Amino acid sequence: MKIINQDYKKGGTQKTFYELNDLQDINCLNCNSDKKSRVHTEFGNIGIVKCKNCSLMYTSPRPKNVELNYHGDKNKYYEEYKYIFNGTKPHHRDKNYIQELNIIKKFIKKGKIVDVGCNAGRFLHFAKKFGFDAFGVEPSKSLAELGTENFDLIIENCKLENSSFSKNSIDIITAIDVFEHLTNPLMFLNKSYEILKKDGILVIKIPNGNYCLTKLKIAKLFNKNTLNMDIFDSYEHVAHYSKKTFEKFINNTKFKIKKIYAPIPIHPPVWTITNDQYYLHTSPWTWDWKKVIMRKMFHFIGKIELLLRLPMYFQADILYILKKRS
Ligand SMILES: [Zn+2]
């Protein structure tokens, strides 16, 4: 079967090229310093920078209204998700969601779970099957409606800080691949602290900024044109936390880190249009075997890095279990 590796039908508003006037300059999200050095440039003019004061990598200049990327057209999103909604195709992140829920079960067996930035609710769809009382928060109206209508979920269409949950009422809050999208992560953490029960857990999974640096080095080694490569997801990721900079960030908050995991990598499917498969559907690993093998190998090294408490450069994502400081 012919594979067409080209753009896919998508609901979001991300672009592949950003002019300078699409962008805005930003100070460090952690320490507000404006002193930074450029690490990389992608999607035209978006910058990846490193703060000279606290070492956090973040995106600057970044797209204006960067958090509105997911406020796309509902019908286009439906086209993207329809086979997943009707149960005929899996989501390419299903394995990841199930692993994350199995990790959560080790800490809390039942109770109320709030998934922040729940997209169309696929993770919560599984959380219900795992026996949790599932609630979602999703700022994109299109995605919140699709999750409510198709997965029969309760999803509030807002940011967590504007949600209606009572104080000390939630057992588990999850931010799966969401924290790196937040332009004001402290507001998210403060609200999480308020609504979590005393023994509740906050689960944050982030892409590892240092892994992006490894990908960048490898691409340069092979003389790839990195300007056209999607290495940092910088049209939507506002910060690129490493293990070190994330932990530094959390240490200044009312949360403490209870446990760290090196979860299995996400395998995005090959983009195809020939068989009516879009981005969110899985594709056979044989179509993308080089990347699949590479990710598995890096993940293996990543688990060793975590075990030996080394700085992590090979693990794609890091999952944290946080608890309230007492
Ligand atoms: Zn800083």
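Which residue in strand 8 does V137 stand opposite? V137 stands opposite E156.

The structure is a predicted model, in which local features need pLDDT of at least 70, side-chain atom pairs count only at pLDDT 80 or more, and totals for chains, interfaces and linings use all residues. Residues are numbered from 1 along each chain as its sequence is written.

Let us start with the overall picture. The secondary structure of the protein chain comprises eight helices and twelve strands. Here helices (H or I, at least four residues) and strands (E, at least two) are DSSP runs, numbered from the N terminus. Along its principal axes, the C-alpha trace spans about 50 × 50 × 40 Å. A compact globule of 326 residues would have a radius of gyration near 20 Å, and the 19 Å of the protein chain agrees with this. That radius is taken over C-alpha atoms, and the globule rule is 2.2 Å times the number of residues to the power 0.38.

Of the 326 residues, 40% are buried. A residue is buried if 20 or more other C-beta atoms lie within 10 Å of its own, exposed if 12 or fewer, and partly exposed in between, with C-beta atoms placed from the backbone. Among contacts between residues at least 6 apart in sequence, 71% join residues at least 24 apart. Two residues are in contact if their C-beta atoms, placed from the backbone, lie within 7 Å.

Seven strands form an open sheet in the order 8-7-6-9-10-12-11, with mixed pairing. Two strands pair if DSSP finds at least two bridges between them. The edges are strand 8 and strand 11 (255-261), each of which pairs on one side only. Ignoring direction, neighbouring strands of this sheet are turned by 25 degrees against each other on average. Axes are lines fitted to C-alpha atoms, for helices over the stretch in contact, and angles run from 0 to 180 degrees between N-to-C directions.

Our opening pair belongs here: strand 7 and strand 8 run parallel and are joined by three bridges. Strand 9 (residues 170-176) and strand 10 also run parallel, joined by six bridges. I173 has L202 in strand 10 as its bridge partner.

A further open sheet has three strands in the order 2-3-4, paired antiparallel. Strand 2 (36-42) and strand 4 (57-59) are its edge strands, each pairing on one side only. Three bridges hold the antiparallel pairing of strand 3 (residues 46-51) with strand 4, and V49 has Y58 in strand 4 as its bridge partner.

Next comes the interior. A nonpolar core is a set of buried Ala, Val, Leu, Ile, Met, Phe, Trp, Tyr and Cys residues joined through C-beta atoms within 7 Å. The largest such core has 70 residues, of which Y58, V116, L202 and I204 touch the most other members. Strand 10 (residues 196-207) gives the largest share of this core, six residues. Strand 10 is itself mostly covered, since nine of its twelve residues are buried. Leaving aside neighbours within four places in sequence, V116 is in contact with V137, L160, I173, T174, A175 and V178.

What do the buried residues of helix 4 pack against? They pack against helix 1 (74-85), helix 3 (122-129), strand 7 (133-137) and strand 8 (154-156). In helix 4 (residues 141-151), these buried residues are S142, L143, A144, L146, G147 and F151. The axes of helix 1 and helix 4 come within 10 Å and cross at roughly 35 degrees. K74, Y77, Y78, Y81 and F85 in helix 1 meet S142, L143, E145, L146 and N150 in helix 4. Just after helix 4, D152 takes a positive phi of about 55 degrees.

Why does Y241 count as buried? Y241 is buried because 27 other C-beta atoms lie within 10 Å. Apart from neighbours within four places in sequence, Y241 is in contact with E180, I206, G209, F246 and F249. Y241 and M57 are 184 residues apart along the chain, yet their C-alpha atoms are separated by 6.4 Å. Helix 7 (residues 243-251) lies across strand 10, strand 11 and strand 12 (317-324), and runs at about 155 degrees to strand 11.
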